[in-house]
Amino acid sequence: MKQIALSLALTLACTGAAQAACFADYKAKQDNPLRLHYGVAEISGQCARASAQSQLRARLAANGWTLLQVLSVFDAQGLDQRKNSAGQYYLRF
């Protein structure tokens, strides 16, 4: 019984770690007139640059923006240092 409980606890812990929050910082633009912004967004699923690119490209396009570049992907520990730089685009998309 103890082995089953321990095994279950380890499985749940690993699942939680695999689903840890993931964020990306990026640059985007709008044309006519040209506008640029730096932002931070939460990413679901795999925490990888390719996943962030596909999610952000769609989210931004739906709001008239074009994704220029995903700079990095990171966990929640990187949020505070980027909050001021992202301004109104912090977790907006």
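D25 and R82 form a salt bridge, with their closest N and O atoms 3.2 Å apart. A salt bridge here is a side-chain nitrogen of Lys or Arg within 4 Å of a carboxyl oxygen of Asp or Glu. The pair links distant parts of the chain, 57 residues apart: D25 lies in strand 1 (residues 22–30) and R82 in helix 3 (residues 79–86). Helices (H or I, at least four residues) and strands (E, at least two) are DSSP runs, numbered from the N terminus.

This is a predicted model, in which local features need pLDDT of at least 70, side-chain atom pairs count only at pLDDT 80 or more, and totals for chains, interfaces and linings use all residues. Residues are numbered from 1 along each chain as its sequence is written, and side-chain values use heavy atoms, leaving out hydrogens and water.

The count comes to 2 salt bridges:

| Salt bridge | Closest N and O atoms |
|---|---|
| D25 with R82 | 3.2 Å |
| D31 with K29 | 3.5 Å |

Both D25 and R82 are buried; buried means under 20% relative accessible area, exposed over 50%, and partly exposed in between (1.4 Å probe, protein chains only). D31 is partly exposed at 49%, and K29 is partly exposed at 23%.

Strand 1 runs antiparallel to strand 2 (residues 35–43), joined by 9 bridges; two strands pair if DSSP finds at least two bridges between them. Y26 stands opposite G39 of strand 2. Strand 1 is also joined to strand 3 (residues 66–74) by 7 bridges, again antiparallel, and K29 has T66 as its bridge partner there.
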